[in-house]
Amino acid sequence: MVAVTAGDWFSTPENYVFLAIALPLVFAGWRVVTSSNVVHAVLYLVGALGGSAALFLLLGAEFVAWAVVLVYIGAVVVLFLFGIMITRAPIGVEVELSHPLRVRISAALVSGALFVLIAIAALTAFGSESIPEAEVTRTADIGQSIFERFVIPFEVVSVVLLAALVGGIVIARRDPSPEEIAAGKETL
Amino acid sequence: MIITQFVILGAALFALGVYGVLSRRNAVLVLLSVELMLAAVNINLVAFDAFVADRIAGGQIFALFIIAVAAAEVGIGLAIVLLIFRNRRSANVDELDLLKL
Amino acid sequence: MTGWETLLTAAIKVAVAFALLLSLTIVLVWFERKIVADMQNRLGPTRAGPYGMLQTVADGVKLLFKESVTPRRVEFALYIAAPIAALVPALLIFLVIPIGRPFTLGDRVIDLAGTDLNVAVLYVLALSSLAVYAVVLAGWSSGSKYPLLGAVRASAQMISYEAAMGLALVPVILFTGTTSIRAIVDAQAGEFLSFLGIWNIVLVPSFLIFFIAGVAETNRAPFDLVEAESEIVGGYHTEYSGFRFALFFLAEYINIFNISALTTTLFLGGWHGPTFGAPEWLAWVFPIVWFFVKTVALVFVFVWIRASLPRMRYDQLMQFGWKRLIPLTLVWIILSTVAIGFRRFGAPWG
């Protein structure tokens with residue numbers, strides 16, 4: 001069933017580059033979900049996203065890679081700050097950011113099973129089929145494709161963003177007090 | 001490079017994200033774990049895009065869409081967390097049991 | 001070129017770029033102090049060297065030998081990482097800016113830029129968005145209230161103005177039809193009024209918005225709430241001293257130079273300029289001179305703004321960013337897109 005041999009994983013220099021990115025990436029992901037300090041967890045997430053951007057460069061997806069750095073890593077700063085403000089993270093170890101051990105063990109079982117399932121499925125389906133030599137995708141081609149083939153999903157995404165923008169403001173704004181409404185100052 | 005490497009890496013990150021969502025108590029950290037899962041999906045999409053040498057770059061474009069949707073998700077998610085924190089003085093997901101009688 | 005030659009030229013380019021940036025910082029600090037002194041009817045530094053030119057060197061040497069005080073409540077790893085996180089993106093951004101026309105050495109053509117990417121504009125924006133991490137990390141890891149206040153201000157400010165900065169470049173990309181910086185510079189070459197090309201400065205609103213957002217991104221006056229001395233001591237770098245502080249200082253001046261160089265490259269024709277019919281062996285000097293003349297002129301504007309305008313209030317800063325700059329940019333994107341569409345495809349009814 002499993003047709004992967006060690007040679008497929010270590011045959012080309014690119015494989016070593018992949019491992020040099022992937023192993024720290026998994027470590028960073030591990031620390032995101034286990035770190036006992038909110039700020040550290042956010043920084044490890046930044047590391048993980050940076051690693052994924054490096055993988056995109058390896059695969060020749062320059063535009064996506066830099067978009068990840070710009071949008072994702074740039075936006076995560078906001079999460080970072082909310083993490084600090086909401087949990088009032090003092091420097092040092094924060095207690096009770098995770099559920100008790102009983103819950104964590106069952107969570108580990110579920111996610112472990114999921115990983116094994118996907119891994120076996122991938123090995124069965126693809127074995128050691130290799131990715132063809134990656135050419136760098138031209139930005140112009142991506143633009144062309146978005147506005148021709150994928151124009152409807154693109155419009156849908158833009159509507160989703162608009163809805164999220166309005167929704168975010170409506171949810172997060174402080175409700176005006178009755179006195180403010182009486183004084184006609186119920187705007188933002 | 002073989003495609004299985006990327007799929008297994010994606011699976012590992014996704015599983016870590018699932019673990020995080022299930023095991024974290026603080027709502028901000030739950031959001032972080034969701035981000036991790038989305039990053040895993042992006043890796044898979046771009047890897048398969050390169051694997052099938054897609055002429056219209058569908059995988060990359062859907063990765064871009066996921067980035068946009070993730071931004072929306074973070075915005076709304078944080079707005080909700082902020083509101084909950086304002087009302088309950090806590091951002092722990094297990095204390096949000098008002099609907100339980 | 002063979003692999004080794006490529007590697008060697010890359011190494012030389014990187015070394016030259018970094019040496020250039022470091023020495024430029026020394027000159028720029030002196031330049032700023034002299035200009036501000038002039039505008040305020042003072043003399044500025046006069047003691048060290050002719051016209052006080054060596055003052056920055058003396059200050060730098062002093063900072064290197066000062067004790068780096070580490071407060072007790074810092075989180076050490078992040079505290080040390082923050083100044084490095086400030087400096088590295090600043091150095092990396094400069095690598096995609098061409099400072100002169102390609103240089104021919106024997107049969108080899110060497111670009112006077114570190115490298116060029118297909119998505120260089122995106123690269124620049126992405127790296128400048130990383131600068132906020134340095135401020136936030138420094139502010140948080142110092143474990144002290146003024147740095148944290150500075151960091152919170154910084155994150156809101158830099159994220160807000162980054163949006164305007166990125167959007168301001170959309171018309172430029174549409175106008176030149178490329179995201180590669182080399183191609184953007186090339187698109188601005190040509191004969192117009194006999195020696196000048198059509199520079200992207202014809203997109204005046206983009207130019208102004210990009211430059212204003214650039215001033216805000218570098219946390220310079222009048223947007224220097226992040227390090228407002230009179231309100232929050234020194235902001236995010238309050239707890240830093242000696243060499244670690246010097247790194248922040250260096251990053252700030254390199255960023256000023258980067259923004260000026262980028263504005264030159266994207267809007268003012270980069271290294272293009274008249275060569276006055278110079279012979280071929282001399283002709284490569286003029287582009288470099290033009291590049292630095294334009295860039296230093298923009299640095300002068302930075303200093304001029306600093307000497308003229310008072311610091312904004314926080315609510316004014318946010319109002320200006322979100323309610324003036326970004327809507328203006330969006331309207332400008334629509335208008336310029338229509339104009340560029342007409343220019344490229346002709347009128348839809350014609």
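Biologist: Thanks! Which element of chain A has the highest mean pLDDT?

Modeller: For chain A as a whole, the mean pLDDT is 79, and 81% of its residues reach 70 or more. Where pLDDT is low, the predicted coordinates should not be read in detail. Among the elements of chain A, the lowest mean, 62, belongs to helix 1 of chain A, and the highest, 89, to helix 7 of chain A.

Biologist: Good to know. Among contacts in chain A between residues at least 6 apart in sequence, what percentage join residues at least 24 apart?

Modeller: Chain A has 188 residues, and 32% of them are buried. Taking the contacts in chain A between residues at least 6 apart in sequence, the share that joins residues at least 24 apart is 62%.

Biologist: Let's turn to the partners. Which helix of chain A gives the most to the side of chain A that touches chain B?

Modeller: The contact draws on 78 residues of chain A and 61 residues of chain B. Several helices of chain A supply at least two residues each to this side, among them helix 2 (13-34), helix 4 (62-87) and helix 7 (151-172). By class, the side of chain A that touches chain B holds 54 nonpolar, 17 polar and 7 charged residues. With 14 residues, the one that gives the most is helix 5 of chain A.

Biologist: And from which helix of chain C comes the largest share of the side of chain C that touches chain A?

Modeller: Here the contact takes 21 residues from chain C and 18 residues from chain A. Helix 4 (120-141) and helix 5 (145-168) of chain C each supply at least two residues of the chain C side. That side divides by class into 13 nonpolar, 5 polar and 3 charged residues. The largest share, 10 residues, comes from helix 4 of chain C.

Biologist: Now for helix packing. Are helix 2 of chain B and helix 3 of chain B roughly parallel or roughly antiparallel to each other?

Modeller: Their axes come within 9 Å and cross at roughly 175°. The residues in contact include B:Leu31, B:Leu38 and B:Leu45 of helix 2 of chain B, and B:Phe62, B:Ile66 and B:Val74 of helix 3 of chain B. By class, this contact has 14 nonpolar, 5 polar and 2 charged residues. Because angles over 145 degrees count as roughly antiparallel, helix 2 and helix 3 of chain B are roughly antiparallel.

Biologist: What is the handedness of the crossing in which helix 8 of chain C passes helix 13 of chain C?

Modeller: Helix 8 (residues 204-217) and helix 13 (residues 314-345) of chain C pack at an angle of about 150°, with their axes 10 Å apart. Among the residues that meet are C:Ile209 and C:Ile212 in helix 8 of chain C, and C:Leu325 and C:Trp332 in helix 13 of chain C. The residues of this contact divide into 7 nonpolar, 2 polar and no charged. As for the crossing of helix 8 of chain C with helix 13 of chain C, it is left-handed.

Biologist: I also noticed B:Ala57, with its positive phi near 55°. Is B:Ala57 buried or exposed?

Modeller: B:Ala57 lies in the loop between helix 2 (27-51) and helix 3 (58-88) of chain B. There are 27 other C-beta atoms within 10 Å of B:Ala57. Because 20 or more are needed for the label, B:Ala57 is buried.

Biologist: And C:Asn41, is that residue buried or exposed?

Modeller: C:Asn41 sits in the loop between helix 1 (3-39) and helix 2 (55-65) of chain C. Its phi is positive, about 60°, although C:Asn41 is not a glycine. Because it has 6 other C-beta atoms within 10 Å, C:Asn41 is exposed.

How values were computed. Residues are numbered from 1 along each chain as its sequence is written. Chains are lettered from A and ligands numbered from 1 in the order in which they are written. This is a predicted model: local features need pLDDT of at least 70, side-chain atom pairs count only at pLDDT 80 or more; totals for chains, interfaces and linings use all residues. Two residues are in contact if their C-beta atoms, placed from the backbone, lie within 7 Å. Helices (H or I, at least four residues) and strands (E, at least two) are DSSP runs, numbered from the N terminus. Ala, Val, Leu, Ile, Met, Phe, Trp, Tyr, Cys and Pro count as nonpolar, Asp, Glu, Lys and Arg as charged, and the others, Gly among them, as polar. Axes are lines fitted to C-alpha atoms, for helices over the stretch in contact, and angles run from 0 to 180 degrees between N-to-C directions. A crossing is left-handed if the near helix is turned anticlockwise from the far one by less than a right angle, and right-handed if clockwise. A residue is buried if 20 or more other C-beta atoms lie within 10 Å of its own, exposed if 12 or fewer, and partly exposed in between; C-beta atoms are placed from the backbone. pLDDT is the predictor's confidence in each residue, from 0 to 100. Angles under 35 degrees count as roughly parallel, over 145 as roughly antiparallel, 65 to 115 as roughly perpendicular and the rest as oblique.
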